Amino acid sequence: MQSVHPRYNVNRPAYSLPEFDEEFERKRRSFPLGDKVKKVFRCSSGRLKSLLFRHLPILSWLPKFNFRQNLLTDVISGVSAGTIQVPQGMAFALLANLPPVNGLYSSFFPLIPYFFMGTAHQMVPGTFAVLSIMVGMVCLRLAPESDFSHFNATLNATVVDEERMNQVRLGISGTLACLTAIIQIGLGMMQFGFVAIYLSESFVRGFMTAAGLQILISVLKYIFGIDVPPYSGPLAIIYTLIDICRGLPKTNIASLLFALVSSVVLIIVKELSAHYRHKIPFPIPMEIIIVVVATAISGPLDLPEKYHMNIVGQIPLGFPAPILPTVSQWEDMLSTAFSLAIVGYVINLAMGRTLAAKHGYDVDPNQEMLALGFSNFLGGFFKIHVICCALSVTLAVDSAGGSSQFASLCVMLVVMVTMLALGAYLKPLPKSVLGALIAVNLKNTLLQLSDPFYLWKKSKLDCCVWVVSFLATFFLSLPFGVAIGVGFSILVVIFQTQFRNGSEVTQVMDTDLYKNPKVYNKVKMVEGVKIVSYCSPIYFANVEIFRRKVIKKTGLDPGKVLLARKKFLKKQQDKEKQEIKEKQSQVKVAARKRKLSSLVTMKAQTISEIDLQSDFYTISADMPTSYVNPYCDISSSTDQLPDPELTSPPSVTIEMQPMPFHTLILDLGGVCFIDLMGIKLLTKMSNMYSMLGIGLYLANVQAQVFEELEAGGMFEESSITHGHLFLSVHDAVLFAQHKSLTSGTVEEVSHKNRIKLAFDIEEEDKDLEQELF
């Protein structure tokens, strides 16, 4: 049974844009620059209060916090998440080529500013694997191990002064964190939080997958207990992988066993926790349990000494002494700092928006940039490395029911207790256990290796972005991956806007709808009217493509038509000039012959002056004097010299052939903006179509595009007026048909076939290419 569709009947006149604005009283809006400046710089108590509440969100959520209902939950979730933060921070410090205590510093100090300034309630700042490995590359480059190596004659071997090397690298890490913080604070102050939109999801996932793979390869040396020289720069991860494969015969079996057992236990517990997450009130802190058990086994049995295992070593207790950043090193780490600032912010914002959508509050992107910047800035004086959202810790807080920053405060307290008292007991902890914790936590990241198979079916361009970002990041290092991935993503956007396909549309039968005739069968052509739809901005990168699309869809190139006619007219004029020159030469030859004949006759005759005068006066008075030639015989009027005015080229005319249509309508409903090059193109198109007797109308022009057309001077420099703009394609079609049927227009249309184009050939030096695009 055929469904009954609701119907509507509209009876209204066809409006041009000026008529519609006049009838329905369009409002004129203006935003004077002076008012904008006053609004930005005005100072009042209300504005000061607004700034305080904006930059210190704790003033908003703390008075509304329900201590009786939520405080206990936040404490439990924070303590359980803190037991994850401690081992994870120590593990990620190894990725940054820093001592494990750096992970504790990085998990404590940044949480203080974020507690007051963060807008994501469940967010816990901390170490992140991708940022850690980027920091590690800078530490390796500015403080290579070779700078701290010396030959020990007693041992007859090269010894590395690890204590001094760690202190120098901690200083470099703090300096890098401080520079990254300044970049983030600057971007936040300038309201540049929107920069995150330039990092597409495909780029982020490709970048994170490559970084995860690099992290996995980097921790293999800890899992297998082998020594691998550090590398930095392009192809560094390939060299590292080759050295790991070469060192596999020297694998430390004890380290490998600790790593395998830790990995298996952690994977089993995580899978069971995920399966029964609705029945478990809070996540099982398996990471800290594994660390405690591994330390308890390794220390009393003296396994590190027996099997030469790499261990965490002595962790200094207490808070570190503050340091000042080494400003002279900023030049060497600027590009990496900018990459860290953007990547860290994007990860933080993505997690914040996910939490906000789940719990029903808003996240301020610019405030998040500031909060992250001040967190890194404070930590930079206490030897941290760059931080962002600690994903696993944040998810642990959220799944345990945390609802405010009190949970992150409890995380901070757990880390502080470890720094002040418990750190001394972690000395015999094998590094292979920390490597196993890192490798297991990379599971979700490495599962993204299957993304290209999914993306290829959905969007091939997004798949290309993923692949390019992945390959650039994996092979060329993370900073290069950020630059190339972002650049390629922007090129894809430009490509998509530049090569959009315009289409000719025709009227759907008995409707006011216009669709592509290649898609629909029940459509009809509007006689004498061509309609072209375009769904992309018109700007400098695609103006030529847009022009060619219009020519292709209409089947008429006005530039070539005008050029052909001009060539024909010039040819005709050259032909007439040649005919005039031939006539002039013939007349000159005839005059020369008559002159010679007269001279011969004068020489043959011997007459006196009196006879000559008598002969002269005997001429009839009725003959005009202009025909008297004392040197030749009387000539007919056809022999007179041509008019001197004929030597200048006359105005040449030509009959125009009928055009295939009398109106061209451009549907600009899909055009969201137009730049000056696009306006210049429309101006030239309108002028050329006008020379051919074709009207150019614009339909569905957006308000912002109309303002850009008006500001660009199109209505003053082209044949298009405000009356050539219409609310819809159907309005423009009705107006064109009505105009063609009116008496004046009928005469104009009948006369159109007799329109004559006059060209002044003296203006031949004019740039034809500029005139015809």
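**Close-ups of a predicted model**

**View 1. Phe207 and its surroundings.** Beyond its neighbours within four places in sequence, Phe207 is in contact (heavy atoms within 4.5 Å) with Val130, Met134, Val343, Ser469, Thr473, Leu478 and Val482. This is a predicted model, where local features need pLDDT of at least 70 and side-chain atom pairs count only at pLDDT 80 or more, while totals for chains, interfaces and linings use all residues. Residues are numbered from 1 along each chain as its sequence is written, and side-chain values use heavy atoms, with hydrogens and water left out.

**View 2. The largest nonpolar core.** A nonpolar core here is a set of buried Ala, Val, Leu, Ile, Met, Phe, Trp, Tyr and Cys residues joined through side-chain atoms within 4.5 Å; buried means under 20% relative accessible area with a 1.4 Å probe, protein chains only. The largest one has 116 residues, and Val130, Phe207 and Ile215 have the most contacts inside it. Helix α15 (residues 330-359; helices are DSSP runs of H or I, at least four residues) gives the most to this core, with 13 residues. A second, separate core of 35 residues includes Ile538, Leu681, Phe706 and Met714.

View 3. In β10 (residues 663-667), five of five residues are buried; strands are DSSP runs of E, at least two residues. Thr663, Ile665 and Asp667 point one way, and Leu664 and Leu666 the other way. Strand β9 (residues 529-533) pairs with β10 in the parallel sense over five bridges (pairing needs at least two DSSP bridges), and Lys530 has Leu664 as its bridge partner. Five bridges also join β10 to the parallel strand β11 (residues 695-699), where Leu698 stands opposite Leu666.

How values were computed:
Buried means under 20% relative accessible area, exposed over 50%, partly exposed in between (1.4 Å probe, protein chains only).
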